[in-house]
Amino acid sequence: MFVKVFTDGAARGNPEGPGGYGCVLQYIDSKGALHEREYSAGYKKTTNNRMELMAVIVGLEALTKPCEVEVISDSKYVTDAFNQHWVDSWLKKGWKNSSKQPVKNIDLWKRLLKAKEMHQVRFTWVKGHDGHPENERCDTLATTAADGSNLLDDVVAES
């Protein structure tokens, strides 16, 4: 099955306040019907890059069967990490970046690698905040999550 995963993360609010991440899974079932599943969650204030990684992780962890997946994100950090083989380089260097410093967000990168291991995944970057309909849909999810009062340390996706 081919699945598109649209993601967005937002580190919003005051410095002590919430941020949020959201994703939409879109796929066509064996009968040709289009389906969408939405996931969003409030998340305690952290960096925008961590939000973006969580959005991708949540989307991939929601898939319980092997799929061909296209992750669509406005995060150059996430898409470039795979498209420009940063992750491959980090693994070879023992999770160090080019300046021999530890890679930031190692915990989430390891979780993301585990989440994508049973799938065939490609990453596509879309420019954010320019009216792109796929990006706008995820912006809305992340904003709803960020403004919500239901803060979670993590999210458990439905099977």
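How exposed is Arg-122, expressed as relative accessible area? Arg-122 is partly exposed, with a value of 40%; here buried means under 20% relative accessible area, exposed over 50%, and partly exposed in between (1.4 Å probe, protein chains only).

The model is predicted, so local features need pLDDT of at least 70 and side-chain atom pairs count only at pLDDT 80 or more, while totals for chains, interfaces and linings use all residues. Residues are numbered from 1 along each chain as its sequence is written, and side-chain values use heavy atoms, with hydrogens and water left out.

**View 1. Salt bridge between Arg-111 and Glu-61.** A salt bridge is a side-chain nitrogen of Lys or Arg within 4 Å of a carboxyl oxygen of Asp or Glu, and the count by this rule is 6. The N to O distance for Arg-111 and Glu-61 is 2.9 Å. Arg-111 belongs to helix 4 (residues 106-116) and Glu-61 to helix 1 (residues 48-61), so the pair ties together parts 50 residues apart in sequence. Helices (H or I, at least four residues) and strands (E, at least two) are DSSP runs, numbered from the N terminus. Arg-111 is partly exposed at 24%, and Glu-61 is partly exposed at 34%.

**View 2. Salt bridge between Arg-122 and Glu-68.** Their N to O distance is 3.6 Å. Arg-122 lies in strand 5 (residues 120-125) and Glu-68 in strand 4 (residues 68-73), so parts 54 residues apart in sequence are tied together. Glu-68 is partly exposed, at 35% relative accessibility.

**View 3. Salt bridge between Arg-122 and Glu-70.** This contact spans 3.5 Å, N to O. Shared partners join Glu-68, Glu-70 and Arg-122 into one network of salt bridges. Glu-70 is buried, at 10% relative accessibility.
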